[in-house]
Amino acid sequence: MQHHTLAKLAQHLDAELVGMADYPVNGLSTLMSAQPHQVSFLANMKYTSQLSSCAAGAVVMHPDQAHHFAGNKLLMANPYLGYAKLSALFASKTSFSGVHSTATVAASAVLADNVVVGPGSVVGENTRLEKGVVVGPNTVIGDDCVLGIDTRLEANVTIYYGVTLGQRNIVHSSAVLGSDGFGFAKDGEEWVKIHQLGGVITGNDVEIGAGTTIDRGALDDTEIGHGVKLDNQVQIAHNVILGDYTAIAGCTAIAGSTTLGKHCTIAGACGITGHLQLADGVHVTAMSLVTHSIKEAGAYSSGTSLDDNNKWRRNAARFKQLDQMAKRLKHLEQLSQ
Amino acid sequence: MQHHTLAKLAQHLDAELVGMADYPVNGLSTLMSAQPHQVSFLANMKYTSQLSSCAAGAVVMHPDQAHHFAGNKLLMANPYLGYAKLSALFASKTSFSGVHSTATVAASAVLADNVVVGPGSVVGENTRLEKGVVVGPNTVIGDDCVLGIDTRLEANVTIYYGVTLGQRNIVHSSAVLGSDGFGFAKDGEEWVKIHQLGGVITGNDVEIGAGTTIDRGALDDTEIGHGVKLDNQVQIAHNVILGDYTAIAGCTAIAGSTTLGKHCTIAGACGITGHLQLADGVHVTAMSLVTHSIKEAGAYSSGTSLDDNNKWRRNAARFKQLDQMAKRLKHLEQLSQ
Amino acid sequence: MQHHTLAKLAQHLDAELVGMADYPVNGLSTLMSAQPHQVSFLANMKYTSQLSSCAAGAVVMHPDQAHHFAGNKLLMANPYLGYAKLSALFASKTSFSGVHSTATVAASAVLADNVVVGPGSVVGENTRLEKGVVVGPNTVIGDDCVLGIDTRLEANVTIYYGVTLGQRNIVHSSAVLGSDGFGFAKDGEEWVKIHQLGGVITGNDVEIGAGTTIDRGALDDTEIGHGVKLDNQVQIAHNVILGDYTAIAGCTAIAGSTTLGKHCTIAGACGITGHLQLADGVHVTAMSLVTHSIKEAGAYSSGTSLDDNNKWRRNAARFKQLDQMAKRLKHLEQLSQ
């Protein structure tokens, strides 16, 4: 485990150090669990009381809270951001380097300096891997792809042909980019496949979760903006466009040709139907279904709340009478006038 | 890029060519984006006005619309089908051929002529790959499988043992066919695994999306009919039977032993519980839950519509009083009589 | 196919054999389909009438039903458990053995006796595979992992670094354990990644379905209890804790830091939001959303029931007026007093 001095951490965080500059730490932990060789952080005020018994070698915190902790302190305005920045220092690194002897790299592929291709990985014809790209074990990249500087694919990822990823993307295992969009024409009673001729293009700093699938476009590309974060098992259909810095939680599905604005947050297990436009700054709560375009920023929801199963059954039965109930209510109102 | 003359396209589409027979095109695009070296199509009347400024080398369209476009035309009754058929001409082809040196093919496997097995792929004992089968890189096929003529598995697909695929199937990356159905018997407080002894069998012209999972049957097989199309991240549990030409959109889950009829369309993110029977021609809208058998063709839905989060909270709170509201309404009606 | 005598089956099941001890069977089937060389079972009384025409070589059944069947019988109190135990006898075995020549096993990895590593698999540095572990083809295991005795990974599984699996786990294809939890801090309009420094730890006898994803913890571990069963395409976010013997059906998603008690059953396609506590013995019906902690065992539901689409549209429109309807109802009640 690598050690860092508190002075180095202060510099890394652009934080004010109150305490021992040479004090070494080699890990990051919660206030409750941290040991003297670890650094911790206070980002949520409800944990302030834990400071009195905290054994951490140093704590990242807001200057206003500094008086609550007697030990070494790293003071900054946004301690949660401090935590994020520290986490990068203590993250594990891949143990592979260079192009593994069991990888299959096409003769026409172009690999820049410092590229890692893991065991069993496959890199297609005319594909270009820029400086610092890491391709995890048994990952497959098709022909005519570009992976930008420092982009990292974990193990067992699949990138189809003609996919362009920006810089510093991270793609987790079992994710698939560039699979065929779901398009068919009817010919009598049979479905005739519409081959998907577009690609997928992502901006910089995009993260794509495990098992997430992003289909290639039918004719034009599917587009993922800069800084977009997709959790696990998200489904992005063909020709979807996701605006910059939009974040989508696990198991949400977005149907074809829908466009999301910038800075949207879509919670888990939502559905968004096809050919819609969502404005910037739209927030959708968990397991909601969006079937119309949304023109204004704000929070949106659908569904019903959890209830005891017996009560829920009775209420759900009444839901089927709701239109009739509304008419009966109106009739009573007319009688009472 | 391969070039095709309009005469060849007319023959491929069984369309009437009005224009230059020798005119070459090498791609397919939308009316808005098409260049003179590309062909386009008019399938949705709302785009008719785009024809006046369309630069395509030719447009596939219905004869009734022919007067809207001055350039080369390919006239046919179903231009959307024309688009589908053209898309096949311009689709990319795999760059691998033959059995790659890094593939592991069991000695007892039988490979017909013209079979492609990509780098790192594994083919099990007694498995038979018929003529024209393509196995993408790092795909794994278990023992005792059959893949019909021209079936194509993309990269990182998993086919367990004892799975039989028909002709011209396409299976996308991270899909899994033949995993164990979810079956356990209770023994006191523990779950005892019911090993799944059935298989999976698919008809011809089936397409299976990225990350879709189809479990093997408990004793009998899980069955996917001819021409069935499954989008990404669909879950098909053990002993489900899907009728011919049924199409299921992304992230829908179907529980064990449920049977769907022919020509059903199930939208995305639906749930269908176990041991149900759905008739032919059932259509279920997005994110609906089906908990009872459906005996008649038609469209079905559940859930509530999206609303502003504040309004939704108030209405969702009232949903929990709905049975009580119905009783109070009835009481008022009795008073007013 | 292996043959077993009924005497052996009786011993395996701890059942009372009524019939021919030396009679050989080599398979398991339903009452309707079973042949004389197969054994069957009666676990659901609604199939009792099938016994009269059942051709099975023997039937596992409750002693109270014995008089319904003239053939060989294996009598025990829980015939469904009997079926589960028999299924293990007739399950297929992997055709690989030892460490395949195309596998990449790190020099510092420790492999106990009787370990199988399939073609194309990768085992990381300092990883320990205990006795009887099976690693399917093209599966990737990162550095510093432990796989307990007799744990089995199917093909194309991904285990990130620092994951510890108990004994007799089964992990199906395309599953991912140890991917990064979905954690980011805001820095102006950008998201800054919180590197996920915790691991994943599972108990004994855990089964994890195809395409299921389990994220590593942010600082502490994500924990899966003994005997937990996860179906396909389940999403378990970082720092979730699942109590012993809890079972979760397909496509359910559980958000970060939520704890489920023991013996919970969560049906398919549910959502459970983050930072909740669910008691032991909680049962949630299909496609329900849980947004609050649940303190008492019992069954819980949300959503509405399926209806004809036209009727549903009218009722869903009224749902948006529900709070207003409640107020109008109250007003009428006040008038009538």
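**Exercise 1.** Determine the strand order of the open five-stranded sheet in chain B, and state which strands stand at its edges.

*Solution.* The order is 2-7-6-5-4, with mixed pairing; strands are DSSP runs of E of at least two residues, helices runs of H or I of at least four, both numbered from the N terminus, and two strands pair if DSSP finds at least two bridges between them. Strand 2 (16-18) and strand 4 (27-28) of chain B each have a single partner strand, so one side of each lacks a neighbour in the sheet. The model is predicted: local features require pLDDT of at least 70 and side-chain atom pairs pLDDT 80 or more, whereas totals for chains, interfaces and linings use all residues. Residues are numbered from 1 along each chain as its sequence is written, and chains are lettered from A and ligands numbered from 1 in the order in which they are written.

**Exercise 2.** Describe how strand 6 and strand 7 of chain B are joined.

*Solution.* Strand 6 (residues 58-61) and strand 7 (residues 73-75) of chain B run parallel and are joined by three bridges. Within this pair, V60(B) is opposite L74(B).

**Exercise 3.** How many residues does each chain give to the contact, and how do strands of the two chains pair?

*Solution.* Chain B gives 62 residues and chain A 64, contact meaning that C-beta atoms, placed from the backbone, lie within 7 Å. On the side of chain B, helix 2, strand 39 (307-308), helix 3 (309-319) and helix 4 (322-336) each give two or more residues. Strand 39 of chain B pairs with strand 38 (residues 298-301) of chain A in the antiparallel sense, over two bridges. There, D308(B) is the bridge partner of Y300(A).
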